[in-house]
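Subject: Handover of the structure

Hello,

Here is the structure I promised to pass on. Please open it first, then read my notes below.

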Amino acid sequence: METTVKSPSKPEVLLELNGVKKYFPIKGGILKRVQGNVKAVESVSLKLYKGESLGVVGESGCGKSTLGRTILGLEELTDGKIKFNNEEIQDLKRKEKKKFVKEMQMIFQDPYASLNPRQRVGHALDEVFKMHTNLSAQERKNAVVDLLKEVGLKAEHYDRYPHEFSGGQRQRIGIARAIALNPQFIICDEAVSALDVSVQAQVLKLLKALQKKYNLSYLFISHDLGVIRYFCDRVLVMYLGHTVEMSDVSRIFNNPLHPYTRALLSAIPRPNMNAKRERIRLVGDMPNPSNPPSGCVFHTRCPMAQEVCKVDRPEFIEHEEGHFAACHFAGVKL
Amino acid sequence: MTTVETVGLKEKKREKYIVTTLRRLFKNKLAIVGLVIVLLQILMAVFAPMITTHDPIKQTLADSELPMFSPGHWLGTDNYGRDVWSRIVYGARISLVVGSIAVALGLIGGVILGMLAGYYRKLDAIIMRFVDLLFSFPGILLAMLIIAILGTSLVNVAIAISIWSIPTCARIVRGSVLSIKEKEYIMAMRSMGASDLRIMVRHILPNASAPIIVFATMRMATAILSTASLSYLGLGAQPPTPEWGAMISQGQAFMWSSPHLTIVPGIAIMLTVFAFNVLGDGLRDALDPNMDLQD
C-alpha cells in the first residue's frame, strides 16, 4: 500500500480522490453552445480511511453535495481519479460498476422526498435485494424485516406507505435502504439536517452504532458544525468548490489554520454569554462559481488577504502532520 | 437506540390510496352524476342483449317511423322499422369499445413517447418535434386523412383517434416525468444502481399516473364524440351498424316527420360526453398529487 499510514487506528485507505473536478456547463444561445462552466468541485484530493467519519462542511453552494454525488457516480466526473479499495472506478462501465454500487451507498437529506410515495416501505427495501441478490421472495422478506428491526422499526411497518411515518422514521428507512447490501462506505448528504434536534440525536446514535457494528466509513456532509463535532473523526472544509482545510475534529475546532474555518467556527452560537470570543464577520456574498476570483478563491472576503493572495493560488498542503490547509498565511493570527 | 419515535399513527391514515381518492371523488356531486351515467352505460353495453326487445339491425318495414312511446317501441322506430332503443343500447357498446380502444392505443403511444422524451434529454428534441408535427394538424382533419389512407371502418376510426390523442398525452406525460425525474427518490434509486427501465416503470410511472388517468377519462369523451362525428360524415360505422353518429346522419332526412331519430342519439352522445367530462374533472380534484404528503 502506497498510502502513508497516519496512525494505527486508521490503517487502510478506503476511498481516495485525486484532483476530482466537477464542472456544470452553462449552455446558451440558439445553438446551445457551452459558454462557461460552473465549477462546482475544483481539484479535490483526499483520502478516506476504513471505519472513519469524514465531515464535509461549507456554506450552501460550496459543492459539498456535488462532491458526494460525483463520488457515487450520480454526476459525471469532469476530471480526476476516484479510487475505491485501490481500484479506479471513474471510468467503469455500468455493469462493472454494479459491485461498487453495493459497497457505496447514500443517505439523502430530505426523508420526505427520498422515498417513493407510491411504494410500500417493505417493497422499497425488497427492491434493493431484488436488484442485487438472488434471494427467494421469502428470504428477501425476512431480510427486510431484519433490516427494519436493525434500524429500530417494527416488522409491521412492512406494508405501510412512507407518508404514514414521521420524519425520523423515514430517515431510518433511508438508512435501512443504505445498509441493506452491507456497504463499506455511506455518504450522508445532510442526513439529519431536516430533522428536529431530538430526532437528530437518535438518528446520529443509530448511525454511530451501525458504524461500530459494520466498520462503516461515512462521508458526512453537513452545514451544522455542532453535528460534525459530535459525529466525525476528521473534517474537510470546503469553499467555492475548493478544499480549504482538513484535519481531525479537535484540531479543526481548537486550532484552525485557515481564516475561512475560523470565520465558520466563530459563527457557532455558544451558550455561554460571558465567554470571550471574537466574531469574524465575512463581508459580501460567495463569489459566482462560474467566474471564481483569481488567486486564492477566498481573497475577496478574507480579513487577512494580501497582494499575493490575489495572484497566487495557495496549494492545499500539509502544514502539520495530518492537517492540511490552503492558505499563504496558514496559522498566522490576525 | 431502538426507540421508535412515537407518532400518532391514526387508523384513518392507514387506508389505501384508492379509497382516499374515491372518498374525495364522492364529495363532488357532479362527478357522482358522471360516474353513474358512465356505469349505467357500461351496464347497458354489457347486458345489451338482455335489455333490448328487438334486433338492432332487423328491418320491419311495416313498423317504420313509429313515434316515441309506441307500444313495443318506447323510443319509436326509424325509417326501416328498426327499434331505436335497441340501436341506442347497441350503439353504447360501439361507442365504449371504440372509445376505449382509441384511448388505450393513444395512451400506450403517448406514455412511451412522453416517458422517453422526459427521461432522455437527447431524445427530447426529436420526439417533441414529431409531436409538434402531429399537433399542427387539426384533429378531425388528421383523423380523416388517416381514414382516407386506411379505409373506412370502426377499427380505423379507433386508430385515427388514437393517433390524434398521442401528442397531447405525450406532452402531459413528459411534463410529469420532467418534474418527477428530479425528485430525490429517483436519485436514490439511481444511487442503488437501478436500471433506467426499472426507474421509469416502477418509480416514475406510478407517480405520474394521476394526470394520465384524468387525461384518459377526458379523452374518452372526445373519442366518443369523434367516433360519432366521423360516422356522421360517413367515415366510420357503415350502415346498418347501430352507431350514434351514423344514426343521426340517417335520421337527418326525417328531421321533420320523425325528429326523435336525430334527437335521441344526439342526447345519448351528449350525455356520454358530459358524463366523462365531469368525471374527469372530479378525478382531477380527487387525485391531488400532493395528497400523500398531507396528513
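Which residue takes a positive phi in the hairpin of β11(A) and β12(A)? It is Gly322(A), with a phi near 75°. Two residues lie between the strands of that hairpin. Before you go further, note that this is a predicted model.

**The strands of chain A**

Strand β11 covers residues 317–320 of chain A, and strand β12 covers residues 323–325. The two run antiparallel and are joined by three bridges. One pair to look at is Glu318(A), whose bridge partner in β12(A) is Phe324(A).

Phe324(A) also leads you to another strand. In β12(A), Phe324(A) stands opposite Met246(A). That pair belongs with β10(A) and β12(A), which run antiparallel with two bridges between them.

Strand β10 takes in residues 242–248 of chain A. It is mostly covered, with six of its seven residues buried. Strand β9 (residues 234–239) of chain A pairs with β10(A) too, again in the antiparallel sense, over six bridges. The hairpin of β9(A) and β10(A) has two residues between its strands. In that hairpin Leu240(A) has a positive phi near 55°.

**A loop in chain A**

Next, find Asp285(A). It sits in the loop between α9 (259–266) and α10 (307–311) of chain A.

**Chain B as a whole**

Now turn to chain B. It has twelve helices and zero strands. Its C-alpha trace spans about 90 × 50 × 25 Å along the principal axes. The chain has 295 residues, and 41% of them count as buried. Take the contacts in chain B between residues at least 6 apart in sequence: 69% of these join residues at least 24 apart.

**Two helices that pack in chain B**

Look at α4 (residues 84–119) and α10 (residues 209–232) of chain B. Their axes are 8 Å apart, and they pack at an angle of about 130°. That angle makes α4(B) oblique to α10(B). The crossing of α4(B) past α10(B) is right-handed. On the α4(B) side, the contact includes Ser95(B), Val98(B), Gly99(B) and Ala102(B). On the α10(B) side, Ile212(B), Ala216(B), Arg219(B) and Met220(B) are among the residues that take part. By class, the contact has ten nonpolar, four polar and one charged residues.

**Where the chains touch**

How many residues does each chain bring to the contact? Chain B gives 24 residues and chain A gives 31. On the side of chain B that touches chain A, the elements giving two or more residues are α8 (184–191) and α9 (196–207) of chain B. The largest share of that side comes from α8(B), with six residues. By class, the side of chain B that touches chain A holds eleven nonpolar, six polar and seven charged residues.

Best wishes

Technical notes
Residues numbered from 1 in each chain as written. Chains lettered and ligands numbered in written order. Predicted model: local features only at pLDDT ≥ 70, side-chain atom pairs only at ≥ 80, totals over all residues. Helix = DSSP H or I, 4+ residues; strand = E, 2+ residues; numbered from the N terminus. Buried ≥ 20, exposed ≤ 12 C-beta atoms within 10 Å, placed from the backbone. Contact = placed C-beta atoms within 7 Å. Pairing = 2+ DSSP bridges. Axes fitted to C-alpha atoms, helices over the stretch in contact; angles between N-to-C directions. Parallel < 35°, antiparallel > 145°, perpendicular 65-115°, else oblique. Left-handed = near helix turned anticlockwise from the far one by under 90°. Nonpolar A, V, L, I, M, F, W, Y, C, P; charged D, E, K, R; others polar.
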